[in-house]
Amino acid sequence: MADHVDRVLEQWAVQRPDLDVSPMAVLGRLKRLSRLVDAETGRTFNAHGLDAASFDVLATLRRSDAPHRLTPAELMRASMVTSGAITQRLDRLEARGLVSRSPSASDGRSVVVALTDAGRALIDEALPDHVATSAGLLAALTKEERDMIATALRSLLESLGDGKD
């Protein structure tokens with residue numbers, strides 16, 4: 001069955017038969033998939049009073065070793081949040097009582113960000129729903145297909161310079 005991307009490729013084949021537009025098959029579908037995934041995961045995060053970036057900061061802290069503390073620089077490196085967004089996210093999360101910031105014991109010029117009890121409770125509540133949403137989004141694929149796609153995407157990301165910590 002043809003999808004939207006197939007129809008676009010067919011139109012380009014007629015209009016510009018001199019071009020190999022096959023890369024659009026992958027990138028066009030990734031773009032459409034990204035929008036669908038963002039919308040669905042956004043609904044899950046919203047149900048917990050979070051957005052994707054806030055979820056990511058809380059999840060990054062939660063998956064770090066106890067006592068779940070990181071410097072803002074470590075948070076930025078370990079999360080999917082840009083440096084420009086980290087301070088703003090931390091301000092919002094701290095105002096909600098989900099994280100705390102305190103001076104670093106080892107470096108007085110730095111601060112340490114920690115999950116509060118409320119932050120840990122919220123991420124522990126939201127995470128199973130996020131995992132269920134992710135599983136639902138991939139339900140049409142077998143485990144082997146998921147593994148194959150994950151491997152191919154890792155290779156592509158690495159080839160583009162991503163994944164270097």
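Show side chains next: H4, V5, D6, L9 and W12 of α1 meet M24, A25, G28, R29 and R32 of α2, where contact means heavy atoms within 4.5 Å. This set divides into 5 nonpolar, 2 polar and 3 charged residues, with Ala, Val, Leu, Ile, Met, Phe, Trp, Tyr, Cys and Pro counted as nonpolar, Asp, Glu, Lys and Arg as charged, and the others, Gly among them, as polar.

Before going on, note that this is a predicted model, in which local features need pLDDT of at least 70 and side-chain atom pairs count only at pLDDT 80 or more, whereas totals for chains, interfaces and linings use all residues. Residues are numbered from 1 along each chain as its sequence is written, and side-chain values use heavy atoms, leaving out hydrogens and water.

Colour next by pLDDT, the predictor's confidence in each residue from 0 to 100. The average is 92, and 96% of the residues score at least 70; confidence is lowest in helix α4 (residues 72-78), with a mean of 87, and highest in helix α6 (residues 117-137), at 98.

A66 and P67 are joined by a cis peptide bond with omega of about 15 degrees, and P67 lies in the loop between α3 (52-63) and β1 (69-70). In that loop, too, is H68, which has a positive phi of about 60 degrees although it is not a glycine. Most residues other than glycine have a negative phi, and most peptide bonds are trans. H68 is buried, at a relative accessible area of 9%, buried meaning under 20%, exposed over 50% and partly exposed in between (1.4 Å probe, protein chains only).

Finally, zoom out to the whole chain, which has 7 helices and 3 strands, these being DSSP runs (H or I of at least four residues, E of at least two) numbered from the N terminus. The C-alpha trace spans about 65 × 30 × 30 Å along its principal axes, and buried residues make up 27% of the 165 residues.
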